[in-house]
Amino acid sequence: MYPIRATLGGWLIGLALMALAPHVAAAPAGSGLESTPPPRTWSGSPGMRLFGGGLQDTVSWDEAGPSVLTAMADGGYALAASLPGPGGRQARIARHDPQGLPVWTQILAGPFDLQVQALGSLPDGGLLLAGNLGPARPGFLMALDAAGETLWSRTLPLDEAHPGSTDHLLGLATGTSGLGLAVGQTRRADGTQVGLLAAVPAEGAPGWRLAVTEARSVQTLIRDGDGWLVAGASAAPAQAAWLARVDAMGRIDWQRTYGPAGGGGVTALARLADGAVLLAGHPAEGGEVWLRRVDGRGEILAEQQPRLGGDSLPPVRSLLGLALAEDGGYWLGGETRDGDAWLARLNPAGETLWVRHYGGEGADRFTALLPRPGGVLAAGLSASGPGPGAPGLWLATLDAQGDPGVSPPLSDRAARILALVRQGLGPESGLAAGGELEVREAADGTLKFWLPFARLDGTSDDAEGQALELGTLALRASPPETGTGPWRFQVEVPASLWLPGDGVGDAARLTLARRDLALELDPDSGLTTAIDLQLAGVELRLDPPDRLAGLYQSLGIGAATPPAGAEASALASLGLGEFTLAVRLTPDATGRWGGSLRLRLADLAGRDAQGQELGHLGGWRLEADYADMDLDTLDALSGRLEALQLHEPVQLLEEVGALVEAYLRASGQARGEWLLTDLAMPLEGVGDYLRLGEFGLAGSVAPPLGQPLARDLRLQYHLKGLDLMAEGSQVAQEEARVEIGIERLALANLVEAVLFALQNPAAGPAALPEWLPRILVGLEVTLATTGFRATLPEEPPLAIAGLKLHLALKGLDSPLPLLAFVYAQEGVSGLESVLPPWAPRTVNLDLALSGLPLAELLAVSLAEAPDPLAALALLGTRPIQLDIKDLKVALPAGGLWLRGQALTQVPARPQALPEGSLTANIELRNLDALARLMDEAADPAERENLAALVAFLRLVGVERPDAEGGQLLTFALEANSRGEVVVNGKDLTPLLNNAASPGGGMSR
């Protein structure tokens, strides 16, 4: 994008010089003009605009092609030129409305030169282009529709009598009948140069081709009834002016040659109001311009050599543009020998009124002129832009005195919005453009912006080098109805967007049937407070029909055809039924911000080149809500984070800790949900596939009341309807769920703990007991699955009708932490080694922990060589109380219930094991049924012990019926670490001691 500061600075300097230099007064031909060179005029948009740029150093100024202009039927105009790219010259075309504002812009490229030399308008609002494709190649023709899309492209019929010829089309004329004519030059392999005429039928079919041996080159033409007047340089005498009339069938009616050899060919011609024809040119080696007026048969009516400068003015190097003025006079333009553009205004008699030079410090020239009400358009090339030696398309909008147009003044409010828009379109946005931002303010305060040749560059590592060509990006900004508040922007995007393929063709095409994009910008904060995007009928073609397909076919080049079946399943296109995005931001009374994000897409499908569906996604949804955010601080923190330097670990952590604390104070709370539905896609293997009904994530984060540096976090994951076939294995899942909850996670304390560990490496895990309760207060995890089935090769089938695990640990910062555990399973098969038939169906445990050294136990477990005895010894360092509030175990044929309390005491002797006691009430239901089930699954060696255990439980338990009609055994248990056991008031210590002795009855 052309720097606005440089543009305005150059503009102001140019205007100041113009004010100091007097305009050249009207003077008759041959009279002396001002001998002091006039200053060069140089300004910014909209008086002078630069498009593109980047001509490579290997391309000389003389090799750079022209910029060409054509008038459109609606009063607008089109501009085209070519600039080098990776694969050759690229064509850049811009269509403008009658006010000179962009309608659309287009870049065309291929693995060859696409040098546009001529441009014409079609009756339906389209364009016709003609030019060159490089050495030993025919000329090309191309038609675009009113929206800039390619209708057809082709090369000229080959000159079969002279193989190896190179065509250079230089001029083009179109008519209301649809038949056009292209003119130029053919350079044959033996070095001979002859004129070239080629018919251009409306539908793009090949027309007739005529080699004109009497002319060395045909450069320009105009319509003449049902034929054309064509002009250029003659073959003999060499480089003399040549004019001819050719009819619609390609027959030359007459031809004329004017002037001596070396006098120069005709470079421009026009029909005057009285029917005469004006020819213009200059000597072959440059010099003073000559003019000839001829009648309809080419007979000379008058000859002139207008004086375009005094002795000290740079001589003319070329005359390339001619346009008729409103008063019957005409404009002439071209390039001086000093590398400046020049423009002259002549009266109807051909007398010079004034001559002016244009440009900056680089080389500049005008190559085409087009009359406009009250002035003229001058198109050319300029290397006076921001990059040294980087010419771009140059378009000057000049008034009757040759002064560049100026931007209409903007109100203060509009200027403020313009500054915000420029800031938003900066490098961070990923947007780039081949021209300056245009802006206009309407009477009602509405602003309209245009960004020509816009491109969205890839910002991720995967997208390096990729860019999406947007064409012309237009924005309409409407002020708030109340006079204060956010502005509403409506963004206009073309229906077709292109992804270039390494600069040598089209890699992909994105089409949008519906594209509504609006956003709101708050001028006070500079924030985008709302975004509304709706897209429908979206298709991304990865193998698009190339816009230059006709040229590829004519030249016999293109992508290599892959072997049969090699790419049969390759992704060729992506279709999207609907996409919506809605974002809202609103401030609260304290100036902190909250808002929401809603993103949805539906019916995403991939297809191969034959149109077969490769995969489908029914829907995707992302929703998020935010509150209590200090956006100014968060923005400043992002800058501090980007500027963060890599230091030694301690210093780096200190800086990170400060950033984390500041971030926590500036951020508030958020919750969100991510949901994917109806996914179906084949996998690489034959018959392999993946189907998924639903996959979702939901989460929330919020600071606890009065604790801004801590966060409560919750994360939920769920999956429904999974069906996977891969490599002979099949997995199905009806539903699965994972929930994680974290209470009062203190990130700042976590960073501080890591910093402490670095500064005190000898502390090691021993420091964990102090830090753990300051970092985390509670943790809760739930896992659940239903309807899981897996079939693996050479493995028994696995099926889980239902399984649930839940663990909750709370109050780590209190003297009485709570632990809860829930386990439930139903219908598990294929895991008999892990879950035998008598395994519990459900387990519910609810504990209150007092004095349990959880952090110390965790520290011991994290040691390099964990010592179980060290963990056991920890239990004796302080009194511990475990309140078993509830323990329920549901078994397939019975159940267990327990409630009680376990205590440990500090041992009297150092290094001794802790002393403990247990008091509990236990109920065991349906013992006989459970025993029979365990007996069926037990080994023969275990059955005798099982029978003895059942007999012992019956002996010590109190039996009574339960409410459900089953058998119930109850136990009142009192036990301690000294081996004393009392059950239901009976002291079992002697019995158990005897059973544990060698030869005891229950030793087995």
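In the hairpin of β7 and β8, with five residues between the strands, G125 takes a positive phi near 95 degrees; helices (H or I, at least four residues) and strands (E, at least two) are DSSP runs numbered from the N terminus. This is a predicted model, in which local features need pLDDT of at least 70, side-chain atom pairs count only at pLDDT 80 or more, and totals for chains, interfaces and linings use all residues. Residues are numbered from 1 along each chain as its sequence is written, and side-chain values use heavy atoms, with hydrogens and water left out.

**Strand β8 and its partners**

- Strand β7 (residues 115-121) runs antiparallel to β8 and is joined to it by six bridges, with L119 having L129 of β8 as its bridge partner; two strands pair if DSSP finds at least two bridges between them.
- Five bridges join β8 to strand β9 (residues 140-144), also in antiparallel fashion, and here L128 stands opposite A143 of β9.
- Because six of the six residues of β8 (residues 127-132) are buried, the strand is largely enclosed by the rest of the structure, where buried means under 20% relative accessible area (1.4 Å probe, protein chains only).
- L127, L129 and G131 lie on one side of β8, and L128, A130 and N132 on the other.

**The four-stranded sheet**

- An open sheet has the strand order β19-β20-β21-β22 with antiparallel pairing, and its edge strands, β19 (266-271) and β22 (300-304), each pair on one side only.
- Strand β21 (residues 290-294) is joined to β22 by four bridges, and R292 has E303 in β22 as its bridge partner.

**Helix α6**

- Among the residues of α6, A748, V751, A753 and L755 are buried.

Terms used:
Buried < 20%, exposed > 50% of the residue type's maximum accessible area, 1.4 Å probe, protein only.
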